[in-house]
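Welcome! Have a look at the structure below, then try the exercises that follow, each with a worked solution.

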Amino acid sequence: MQKDLTKVRNIGISAHIDSGKTTLTERILFYTDRIHAIHEVRGKDGVGAKMDSMELEKERGITIQSAATYCSWQDHSINIIDTPGHVDFTIEVERALRVLDGAVLILCSVGGVQSQSITVNRQMSRYKVPRVVFINKCDRTGANPARVTKQVRDKLGLNAVMLQIPIGLEGDLEGVVDLVKMKAIYFDGDSGEKIREAEIPAHMVAEANAKREEMLDAVSMFSDELMEAVLEGEPTEKMIKEAVRKGTLALELAPVFMGSAYKNKGVQCLLDAINLYMPSPMDIKNIALDLKNGEQEVVLTSKPEDPLVCLAFKLEDGRYGQLTYIRNSQGYLKKGDTLINSRTGKKVKVGRLVRMHADEMEEIEESGAGDIVALFGIDCASGDTFTSSDVSLSMSSMHVPNPVISLAIIPVDNKAQVNMSKALNRFTKEDPTFRTYVDHETNETIITGMGELHLDVYIERMKREYGAEVKVGAPQVAYRETITQRAEFNYAHKKQTGGSGQFGRVAGYMEPLAEGEYEFVDNIVGGSIPREFISSCDKGFQKSLEKGALAEFPVSGVRCVINDGAAHAVDSSDIAFQLAAIGAFKEGYKKANPVLMEPIMKVAVEGPTEFQGSIMGSINQRRGIIIGTLEEGDYTVVEAEVPLSEMFGYSTVLRSLTQGKAEFTMEFSDYKQVPKNVAENLIEELRKKKKEQGK
Amino acid sequence: MLKEDLIKKNPLRLLSPADQGKTGSPQMGLVMARAGLGKTAILVQIALDTMLRGNKVLHVSIGQSLEKTKIWYDDIFRDIAKAVNLERAADIQDELMSQRMIMTFNEESFSVAKLRERLKDLIDQHIFKPDCLLVDGFDCSAAPEKALQEIRELVQGMDINVWFSAVCHRGDDRVSKAGVPAPCHETDGLFDTIILLKPDPVKNCVVLNIIKHGGKFSEGQKNLTLDTSTLLILDN
């Protein structure tokens, strides 16, 4: 059976932590009959909200992984991808955004637009995701949807237009006025499941009319028909809805809805809005890269008769093996089909096909373009593309940031050792920003990631899901080394120890590379280094990059150019030239004025204005550069760039400085040179450490 | 071009010589124009020049977001660096940014008292000691004498130069004796330097008319122009 694609919605729910995202999702599932009772996020009934399926999430009351779930509302199928709210998990958010067609941006009616929402909004703009805004928690003291709408305009730069106004606020929240229909909407029954339309209360008619005028003004920009109708008098409901949809899909309008998920108000209207204003898979341009054709961009069609292309965007380790969430972008997927993983070229057979409902599942036989489903027992990594055998396409690769922090982990016993490697194997497949390796000198297992919390969560998961208890070392910043000036090298490697010797001479220069980590340029003319050994030189340089001579950190931003050399007919070999290149690198590196680089984080601290001075002071103490401050009434944001190494334990400091009233987010920004005095201390410390280890 | 040449060749040298350190008393400057002619662009160039000379700038932006203000700096610096083919531009930019701090307020939450409090915080805690203060978007239309006087007193004590921007409105024809248009026609005595921006339709550029400089009203002989596409200040 082919579904009507225009009635499919793939949406994400994205927002600041604690703005009630999971509660809202829970209500959506309840009203669409997917669940039959409502559990609260930090509920006392011990069941927890449906979407937070990992135990850890239940315990911390936060959402870590973006579970996909399916529901239907008024003959539309809706796939909801719950996205994490904490910035340390941005890869999860970004990966989810890749497969979304539209998103609901939830904002708290009191807190308004906070720095996290700004980050998420920026990511959505990057992936061109149309948005509707839902202002939640209108029942809270201090709720002010109009102010939040203004913030959406000012801070997020979205053309936010209210399509509703609240009837009563805070404790008196009764319902909303729909400015399109010009009706009051109330939510009756124990769980707000009965929707009652009524006339607008007399005292609100004037306000509603004024707001409707405003709304029509903004919306009529997107439809000439509507503009004429507005000028002549009476625009129809259909015209307004069409214009809003057009503006929203063009990313030029963000309709604003409001209510309180916790108090069961306004959720059904939001569902209607998702059906009305969010794009269907047909409205979205999906782009794949043609691997046969130099990665040329190809626009996918969403048509079922075209070859299949789908993206594995999330892996989960279930009870029955690996569960792979895929988004089907083009073609038709059936049980028993054979697919090709375009990264590895391996063939896989579709065994079981399921539709996910948080941690329960429903067996299905087939899935069409635009669907989000899960496959069982398929070995792949997150971000892989599957296609049918007749095409060679890959969904564009995602931008994966380099890890900035590392930790040593030591298993407490043998059993933990085995489980730990199982867990690490799984996590690295699931999350490209989480990496692991063994330090050959200390024999410790090192894990690396995007922030303290990011690694914390994996350590917790290791313990809970895999029973791997580990001891954790102090977090280390991923420093790097780079060079700051051009330097020549000319090095000959000679070894004569009886039998065949080793000989190779490599000459050229190295220079700073503005973009990228490493570049190798072969400028050899006349064959002074034979062809077959050119790649050996490259290999030798790359080996040298692993550990810089300054403080044994990885080296990046170097271009190595070879322009001369010498070889010996008998004694030259692959290894001889590798060693010669290593020697040459060492020689040049010393002269190239190497420096230490450290990750700099973009930090935003927000809190009450009275603490602005102490917040700025705390950043100043941490070698931070304050970029600016923003003041709005009694609320302030301080934006700064601070070295990651100075940010350890900042949350505790900030809490005690501000009586727990301020919070901060941080995001990796750039690598910058470590100031001389700090670098000297750092190198000295490392030397001492080495000495101690040597003893 | 090197940084030193950029400082020497900056058209803004017309206002202050390169080797000029702090003149005894802090200066107060004003940039006036109709909306959209490039007041912020001029303030940002004054700020960049001040920073290039090794001074620190506090940019107070009223009603504009932090992000937008940052973009102004990035864009103008990029254009200047491109126009003069500046060497090591990225390094210089990094260096300059550490000498700048932006403070944004929304219209309702700005007051001189608040600014005084913030400045005191910054200086007392050794966080940031500005040499120059820019106030962009200050509403001069509603009885500004008192507020301007207050700011003058505030910076006098702290030894800081100040630059303001003010919008003149089309319908308002009031002009002071020296040619300073409303809304600052009654407060022109408070400023040491006043620059008025006027479009020149013939040359297709904007003229920076220096009405007052060094505390003296001039006859408008000193002029600079503003390139309308890049908004960079040019020598006349």
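**Exercise 1.** Find which residues of α10(A) are buried.

*Solution.* Start with the cut-offs: a residue is buried if 20 or more other C-beta atoms, placed from the backbone, lie within 10 Å of its own, exposed if 12 or fewer, and partly exposed in between. Helices here are DSSP runs of H or I with at least four residues, strands are runs of E with at least two, and both are numbered from the N terminus. In α10(A), the buried residues are Ala416(A), Asn419(A), Met420(A), Ala423(A), Leu424(A), Phe427(A) and Glu430(A). They lie on the same side of α10(A), because they cover an arc of only 145° around the axis, taken from the directions from the helix axis to the C-beta atoms. An α-helix has 3.6 residues a turn, so residues three or four places apart point the same way. Asn414(A) and Asn425(A), on the other side of α10(A), are exposed.

A note on the model: it is predicted, local features need pLDDT of at least 70, side-chain atom pairs count only at pLDDT 80 or more, and totals for chains, interfaces and linings use all residues. Residues are numbered from 1 along each chain as its sequence is written, while chains are lettered from A and ligands numbered from 1 in the order in which they are written.

**Exercise 2.** Is Lys137(A) buried or exposed?

*Solution.* First locate Lys137(A): it sits in the loop between β5 (131–136) and α5 (145–156) of chain A. Next, count: Lys137(A) has 27 C-beta neighbours inside 10 Å, so it is buried. Finally, its phi is positive, about 60°, although Lys137(A) is not a glycine.
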